[in-house]
Amino acid sequence: MYVCLCHGLTEKELKKLITENQCRHMKSLQKHCGAGKDCGSCLLQVNQLLKKCQHEVHSSETSLIE
C-alpha cells in the first residue's frame, strides 16, 4: 500500500528505509526519502509507521537480552 504518494513510497519501502538507516525521527526519514516533505498528507501514517518500527526494534532488542 502506498503511504507517500508524492514520492511513490510504499509501507514496505518505508519500513526498510527506517530499519536500514536507523531513522528514529521524521527529519531523518525525510532526509533519506522525502516522505512527508511535500503535501504532508502522509505525515500521520509515516509517524505511526516510525513508532511501530521503533517499538518492534525495541521489543526485539529486549528479547535478545532476556
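Visitor: On the other side of α2, which residues are exposed?
Guide: The model discussed here is a predicted one. A residue counts as exposed when its relative accessible area is over 50%. On the other side of α2, that description applies to Lys 27 and Lys 31.

Visitor: Which residues of α2 are buried, and within what arc do they fall?
Guide: The buried residues of α2 are Met 26, Leu 29, Gln 30 and Cys 33. They line one face of the helix, because their directions, seen down the axis of α2, fall within an arc of 100°. An α-helix has 3.6 residues a turn, so residues three or four places apart point the same way. The arc asked for is 100°.

Visitor: Is Gln 30 buried or exposed?
Guide: Gln 30 has its place in helix α2, which spans residues 26-33. The cut-off for burial is under 20% relative accessible area. Because the relative accessibility of Gln 30 is 16%, this residue counts as buried.

Visitor: Which backbone oxygen does the side chain of Gln 30 reach?
Guide: Leaving aside residues up to four places away in sequence, Gln 30 touches Ala 35, Gly 36, Lys 37 and Leu 43. A polar contact requires N or O atoms within 3.5 Å. At 3.4 Å, the side chain of Gln 30 reaches the backbone oxygen of Gly 36.

Visitor: Which residue follows α2, and what is its phi?
Guide: The helix α2 covers residues 26-33. It is followed by Gly 34, whose phi is positive, near 85°.

Visitor: How many disulfides does the structure hold?
Guide: A disulfide requires two cysteine sulfur atoms within 2.5 Å. The structure holds zero disulfides. For Cys 23, the nearest cysteine sulfur is that of Cys 33, 7.2 Å away. For Cys 39, the nearest is that of Cys 6, at 3.7 Å, and the count of disulfides is zero.

Visitor: What pattern does the protein follow along the sequence?
Guide: The protein has three helices and two strands. Read along the sequence, these elements follow the pattern β-β-α-α-α.

Technical notes
Residues numbered from 1 in each chain as written. Predicted model: local features only at pLDDT ≥ 70, side-chain atom pairs only at ≥ 80, totals over all residues. Heavy atoms only, no water. Helix = DSSP H or I, 4+ residues; strand = E, 2+ residues; numbered from the N terminus. Buried < 20%, exposed > 50% of the residue type's maximum accessible area, 1.4 Å probe, protein only. Polar contact = N/O pair within 3.5 Å; in protein donor to acceptor, adjacent residues only side chain to side chain. Contact = heavy atoms within 4.5 Å. Arc of directions from axis to C-beta.
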